[in-house]
Amino acid sequence: MRFKRAMALLLTAGLIAAGCGSQTAESQTTGAQTDATAAEQPAENVAEEAADSQEVVTLKVFSMPSNTSGVVEGWWADILREEVGVELEILPSGNEGVQKLQALMASGELPDIVVFNDNKLVENAVAGKMLLAYDDYKDLLPNLYENAENSLNYYADNVSDGQGKAYSVGTRILNNLPTKGSMNWGPYLRYDLYKQIGSPEIKTSEDYLDVLKQMHEIYSENEDGQKVYAFSLWSDWDGNRMSLADLLGNINGTSYDLCGYFQELDLETNEITSIFDENSWYQKTLRLYYDANQLGLLDPDSMTQRFDDATGKAGAGRTLFSWWGWATGGFDTAERRAQGIGFMPVEAEDIKILHQGLQPIGKNWSISVSSATEYPEKAMEFINYFFSEDADMILHNGPQGIVWDLDENGKPYVTKEGYDYILDGTKELPGGGSLTYARNTMNVLAFEDAEISDTYGVPFEYSYWDKPDYAPEDDALTKQWQEDYGAVDQIDYLTQHDGIAVAPFAPVAPIPDDLEQISSRVGEVVRTYSWKMVMAKDDAEYEQLRQEMTEKAIGMEVEKVNEWYKEQYQEAYEFGQKYS
Amino acid sequence: MKRFTELYRQRGFRLFLMILPLLLLIFIFSYLPLYGWIYAFFDYKPGRDLLDCEFVGFGNFKRMVMDKYALEELINVMKNTFGMSFLGILTSPLPMIFAIFLGEIGNMPFRKCVQTLTTIPNFISWVLVYSVAYAMFSVNDGFVNRLLMNWGIIDEGINFLASGDHVWLTMWAWATWKSLGWSAIMYIACMASIDGEQYEAAKVDGASRMQRIWYVTIPGLLPTYFVLLLLSIANLINNGMEQYFVFQNAMNKSSIEVLDLYVYNQGMAGINYSYATAVSMLKSVVSITLLFFANKMSKLIRGESVF
C-alpha cells in the first residue's frame, strides 16, 4: 500500500514536471513576444554601455503600420548610428495594434517614438500629456520645419486637443500626382490564363466574375493538385467594416476614407451614400463575393484565415484574382514573368481607380515623440533626420554610392550594380539587409514615392527617374501587356482612358467620443453580418441577413454618425480647397 | 516595547501575525482591484486621467437594460455562458470514469503512456490548439477533410471552423480533449488511497471486476467528485476566454460569445472600457447570487452551511 501511494505521488510529481517541461518548450516556439522581451534586457544594457562610449542610444518605436519587430540591424542601422547616433528597436504591433496601443496609453507611458494611424488616438495621447510638442524643440528640427510645415500647422490647429502646438506630424507627404508607374489597386488577373480564354471583353466591374469563372474552368487545380479559387480573402484587417468589401468601390471612383466608417463618397459627383444602401458599392462587393461563393470561386477558408495564409495561397498559384499588385504572395517571380506567366492589371472599360489624392499634410500615419522618453534630444534629432531629403532618398532607394549615385549635374541615377538589388529583392547589401527592408522597418516614409525632391529635382523613388541605357529590359509578361494595352504602364493606360478618380484633399477632424462608441458597436454588427452575407446559403438568407444588418445598425443610431461625417466632410472639403 | 512583548505573549496575536502575510496578499490581489470598478461610472478614454473623463453615473448600467440591442446581446451571452457551463457540469464525471478505467490497465508502460499523452494537451496554449485545429479542419488543406475526400465520403470539404452549428458541443469537445488527462490526476491520486483490503475482501466474496469498481472504487472516489463538482459550480460563470477568443469568427459568434469574451470584445476590441467594466461587475453579482443559492441548498439538504 505504502508503495502504491508513493508511486501515485511520484507519478503526479513526474507529470507536473513533464508538464512544466512541455510548457517551457511551448513558450520557446510560440513566444515571439517572450523572445522580444527577453532580448530587450541585453539590448538595453548594450545601449547603455554604448551611450557611455559613443553615445549611441536605443529608441523604442511602436509603429502601427509596421509588420516587423526587433532591433533594426543592417545597412540602415549603420547609417542611423553614424548620422544620428541612435539604434531603433521596433516593438511588435501585430494585427491587434490598436488594442496594444490603447493598453500602452492606459499605462500612461508610450515608447520613445510612436507612429499612429488615426488622429483620434493622437488627440487622446495629447490629452493624456503623453507626447512632446515639436514646437518646443524647434531648433533641433530644421529639416522637419522646412519639409513638413503644412502638416505641423495642421496638427497644431486641429489635432492638439486645443493646445495649438504640433504634437505629431503626417508622413507620406505628396504635393504632386504621379504620371507613371502603377496605382495601388489593379485589379490584377492571372494574365496568362486571361489570354488563354481569349481575353474576353470586360465592360463593367460586374463582368469580372464571368471571366474568372471561365479562367477557373481551364485552371481549377495548380501543379501540386491543390484547389484554385478566384478569391481568397482574409478577415484580420477588418475594422468597423469588412475591409475587403471596400474594393469594388475603390476601382469605381469611390473613397471610404473621408466620410466615416459607414458611408462612401462618389468622387465624380461628390455625393455621399450609406453603405446600407442596396446600391452602394460596399453591398455590391459583398454580393460579388457571395456570387463567387455560390459558384465555388471563393476560398471557403476566407473567413478563418489571415493575410499571410491568403497571400501564401496566392504565391502557390491558387488564386486567379488580386485587388493589389503587392498581394500576390511572390507568385510573379522573374522566371515566371519571363514565360509570360503572372498577374497584370486588367481594366474594365468604365474603370475609375481611386487615387488617394494629394497629401500636403501627409497621411494620418503620423509620427510623434513620447514625453516619457529618456532621450528627447536624440529622438528629435532622429525625427529631424527622418524628415531630411537625404534620409528619404536613402530610405526609398538604398545607400548612395551603391544602388544609386549623382551624375556630374547632380541628378540621381541607378547604378549598374543597383539593378542587381532592384531585380533580386532578397539580395543583401553590404552591411546586411535587402534594398526594401529599411523602409519596411517602421513602414512609414516622410515623403511619398512620387513626391518631387527640392534638392534633386526628381521624385524620391528610382522608378520615376530616367532609365540609363544599361537598365534591364522589361520582361515578357510586361511587354505582352504593353502591346495589348498600347500603354507603357498602368497609370499611362488609365490616363489615356480617363480611368483615375482623384480624392480631394479634405482632412476630416477626429470623431467625438460618443459617436466613436456608436461606431464601434455598429462596426461589430457590420463586420459580423458582412461575412455572414458572403457565406450565406441562398438568396433568401442573404436578403434576410442584409435586412437584419440594416435594422440593427439603424437601431443603434448609425444615422448620428453618418450625419456628423456629412457635415464634417463639407467643412473639410472647403478647408482642403485652400491647399489645392 | 513592553506593551509589544505583552501582546506577543498572547497566543491569538502570534497566530494573527502568522496569517498577516496571507491577509495582505488577499487584500492586494482580491480587494485592491475592486478599485477598478470606478471606471464603470466614467466615460473612460485611455490616456486621459480618470477625473478628466466625463462622469456618467449609472449610464453604463442603464444601457445594459434600456438599450434593446445591448439587452439582446447580454441575454444571448448569458445563455452561452450557462449553456456551456452546464454542459461541462453534466459531463463532469468523465475524468473520474477515465481515471477508473486507466487504473484497470494492467500493462504499466502502456498505462503510463496513455496517461502522459492525455495530460500533455493541458499544457498546450489555446493559440497552438487553434493552429492544430486549423491544420486539421481547414476546408481543403486540413487533413481531416482531405482524408474524407480521398475516401470518397464527401466531395466538397466541410467547413468545420466557420460553422455556426453545434458550437457548444465542439467547444466542449476541445475543452475535454485538453483537460481530461489533467483532471484525472486528482482521481488517480485518490484511488491510490483506497484501502487495498477492501478489494481483497471483495475478491474473496467473489465480486467481479465491474462489481469491484462499482462497489469499492466509485464510493471511494465520490467524496472527491462532489468537492470538485461544488468548486466547478462556484466557477459556473468563469468559462475563461482564451478558448472562445481563438475560435470565434463571424459565423459562430452568436453561440460562442461567453461573458468573459464579451467583456473583452466590448472593452479591448470595441474600445469601450467603461461599459465592459460595468458588464464585468454584473459577473460578480451573478457569482454572489450563485454562492448564496448554493449555501441555501446546502443548508436545506445537509443542514450545514458556510455562513
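The centres of domain 1 and domain 2 of chain A, taken over C-alpha atoms, are separated by 30 Å; the domain bounds come from an automatic or database domain assignment. The structure is a predicted model, in which local features need pLDDT of at least 70 and side-chain atom pairs count only at pLDDT 80 or more, whereas totals for chains, interfaces and linings use all residues. Residues are numbered from 1 along each chain as its sequence is written, and chains are lettered from A and ligands numbered from 1 in the order in which they are written.

Domain 1 of chain A comprises 46–176 + 361–464, and domain 2 comprises 185–355 + 479–577. Between them, 9 residues of domain 1 are in contact with 7 residues of domain 2, contact being defined by C-beta atoms, placed from the backbone, that lie within 7 Å. On the domain 1 side, helix H5 (119–127) and helix H7 (149–158) of chain A each supply at least two residues. The largest share, 3 residues, comes from H5(A). This side of domain 1 divides into 4 nonpolar, 3 polar and 2 charged residues (nonpolar: Ala, Val, Leu, Ile, Met, Phe, Trp, Tyr, Cys and Pro; charged: Asp, Glu, Lys and Arg; polar: the others, Gly among them).

In the interface between the chains, 40 residues of chain A are in contact with 39 residues of chain B. Two or more residues on the chain A side come from each of helix H1 (2–30), helix H4 (97–106), H5, helix H20 (513–534) and helix H21 (539–555) of chain A. H1(A) gives the largest share, 11 residues. The chain A side consists of 14 nonpolar, 15 polar and 11 charged residues.

Chain A contains 22 helices and 16 strands, assigned as DSSP runs (H or I, at least four residues, for helices; E, at least two, for strands) and numbered from the N terminus. Its radius of gyration, taken over C-alpha atoms, is 26 Å, close to the 25 Å that the globule rule gives for 580 residues, so chain A is as compact as a globular protein of that length. The globule rule is 2.2 Å times the number of residues to the power 0.38.

Three strands of chain A form an open antiparallel sheet in the order E7-E8-E9, strands being paired if DSSP finds at least two bridges between them. Strand E7 (254–255) and strand E9 (271–274) stand at the edges with a single partner strand each, so one side of each is left without a neighbour in the sheet. Strand E8 (residues 263–266) is joined to E9(A) by 4 bridges, and A:Glu264 has A:Thr273 in E9(A) as its bridge partner.

Terms used: Two residues are in contact if their C-beta atoms, placed from the backbone, lie within 7 Å.
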